[in-house]
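The sequence and the structure are shown first.

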Amino acid sequence: MGTRLAVVASVADQGVAALTNIVVLIVAARLSTAAGFSVFSLVYTVFTVLLGLSVSYVGQALVLERGSADGIRAACRSAVGFTAAASTTIGLVSAAALAFVPGGTAAGLCALGLVLPVVLTQDGMRYCFSTLRMPHFALATDLVRLAAVVPALAVQPQGAGPARLVAVWGLSAVPALLVGAALLFPRLRGLRGDPRGLLRRGHLGKRFVVEFAVGNASSQLAVVGLGLFASPLAVGALRGATTLFGPMNVLFNASTAFGPPILGRFPTPSRKVRATVLLAAVLSGVAAVWGLVLIALPDRFGRQLLGDTWASSSALLPATGSQYAAIALGTCALLTLRVLRPRATLPIQVVFSLLSVGCLLVGYALGGVLGAAWGLCLGSGLKACAAWLRIASVRRERPTADDASSQPVEMSGGIIPETAADSPAESRREAAADDGVPRPSA
């Protein structure tokens with residue numbers, strides 16, 4: 001597949017995946033009471049964290065895989081095997097531990113544990129198709145996923161419990177899993193995978209997990225904490241507001257997915273930065289406009305989207321819209337650093353993601369759910385400012401217009417040596433070794 005078609009297929013796949021999440025949450029909100037949707041949102045947030053950990057540890061390391069065609073295909077087989085084994089172990093253990101715990105939240109988490117191997121393995125196949133330069137197959141499986149989950153949830157009775165909705169949502173991924181396996185495994189036939197290799201020392205996914213944990217999971221877990229120890233309704237309100245900004249997540253994910261290869265085509269760091277500045281301005285403006293559209297949405301349309309949850313979520317739209325405008329700036333800044341200096345992103349993620357969690361908790365203590373939403377906005381804005389200031393610092397440290405060391409460090413086999421240095425000479429050697437090696441298209 002050509003580069004342009006691959007980019008289109010990758011963006012479309014991200015759009016379908018995001019649309020599936022939006023539809024799931026909207027249908028669940030319409031079928032549930034406000035309290036039931038709060039429990040469902042809490043469980044879905046836990047799934048979001050687990051999915052992010054899986055993508056970081058397996059998927060992001062896989063798409064950086066380089067070497068022979070057989071080696072890349074063997075890595076895909078290892079990734080699928082590892083995801084299936086790990087998710088089955090975690091899911092069954094958690095389900096067994098929660099099976100006899102009373103309460104709707106425990107029942108929902110137990111149902112999540114039972115369907116976890118299906119949903120995580122199906123999602124993991126998307127990264128195999130990306131690595132094999134077949135993003136159209138990932139798009140096909142996600143279309144099947146969307147086509148199956150909508151009718152499966154739509155036929156559930158009004159007032160269905162969160163555990164039932166979680167189980168139906170998870171089992172509806174079986175058709176997509178079967179289609180993905182039928183498309184993927186004929187291309188991996190005759191190759192032996194090594195799932196245990198993903199546990200070896202120096203696996204690049206460990207670094208990505210740390211970045212995710214401090215960059216994304218920390219705020220998600222803070223929201224989960226609000227539901228467990230403060231008010232479950234806060235989770236439903238925050239999840240409902242962010243669901244309405246699902247289209248922005250599509251743009252953010254697409255920028256992260258195919259942004260680095262495109263930025264790599266610009267010959268100088270200055271041109272890379274100018275491109276991402278323009279992208280940041282566009283995405284931030286789109287987020288602001290989308291937020292204004294949602295704020296002006298009549299209540300009757302809002303209730304059709306989110307049901308009883310609309311009343312609490314609509315009050316958060318100004319704060320959530322401002323947060324997404326800040327997220328747009330931060331996403332583009334971190335994308336720029338990934339291209340200019342990959343090792344510079346982790347310290348920013350650690351410091352300012354923890355600061356965001358603090359802003360969330362302080363905001364909730366001072367102003368309830370609305371204060372928590374504005375706290376998240378403040379945290380996202382501070383992270384964006386710090387990332388762009390770091391870019392300015394990197395540019396001052398690298399006055400050379402065409403610095404080969406601005407290329408991202410990608411190590412063969414998803415491994416980054418402990419002694420690898422971020423030096424211009426080493427980066428030039430990696431850039432030279434990159435000649436003629438095919439890259440994943442997304």
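Asp70 has a relative accessible area of 41%, so the residue is partly exposed. The model described here is predicted. Asp70 pairs with Arg73 in a salt bridge whose closest N and O atoms are 2.3 Å apart. Arg73 has a relative accessibility of 24% and therefore also counts as partly exposed. Asp70 and Arg73 are separated by about one helical turn, because they stand three residues apart in helix α3.

**Salt bridges**

Side chains of opposite charge can pair when their charged atoms come close. In this model the count of salt bridges comes to four.

| Pair | N to O distance | Placement |
|---|---|---|
| Asp70 and Arg73 | 2.3 Å | helix α3, three residues apart |
| Arg126 and Asp123 | 2.9 Å | helix α4, three residues apart |
| Arg126 and Asp142 | 2.9 Å | helix α4 and helix α5, 16 residues apart |

Arg126 takes part in a salt bridge with Asp123 and in another with Asp142. Asp123 and Arg126 both belong to helix α4, which spans residues 104-131, and about one turn of the helix lies between them.

Are the residues around Arg126 buried or exposed? Arg126 and Asp123 are both buried. For Arg126 the relative accessibility is 10%, which is under the 20% limit, so the residue counts as buried. Asp142, with a relative accessible area of 4%, is buried too. A network of salt bridges links Asp123, Arg126 and Asp142 together with Asp13.

**Packing of α2 and α3**

Helix α3, which holds Asp70 and Arg73, packs with helix α2. Helix α2 covers residues 34-62 and helix α3 covers residues 69-98. Their axes lie 10 Å apart and form an angle of about 170°. An angle over 145 degrees counts as roughly antiparallel, so α2 is roughly antiparallel to α3.

Which residues make the contact between α2 and α3? On the α2 side they are Ser54, Tyr57, Val58 and Leu62. Helix α3 contributes Ala75, Cys76, Ala79, Phe82 and Thr83. Of the residues in this contact, seven are nonpolar and two are polar, and none is charged.

Definitions and conventions. Residues are numbered from 1 along each chain as its sequence is written. This is a predicted model: local features need pLDDT of at least 70, side-chain atom pairs count only at pLDDT 80 or more; totals for chains, interfaces and linings use all residues. Side-chain values use heavy atoms; hydrogens and water are left out. Axes are lines fitted to C-alpha atoms, for helices over the stretch in contact, and angles run from 0 to 180 degrees between N-to-C directions. Helices (H or I, at least four residues) and strands (E, at least two) are DSSP runs, numbered from the N terminus. Angles under 35 degrees count as roughly parallel, over 145 as roughly antiparallel, 65 to 115 as roughly perpendicular and the rest as oblique. Contact means heavy atoms within 4.5 Å. Ala, Val, Leu, Ile, Met, Phe, Trp, Tyr, Cys and Pro count as nonpolar, Asp, Glu, Lys and Arg as charged, and the others, Gly among them, as polar. A salt bridge is a side-chain nitrogen of Lys or Arg within 4 Å of a carboxyl oxygen of Asp or Glu. Buried means under 20% relative accessible area, exposed over 50%, partly exposed in between (1.4 Å probe, protein chains only).
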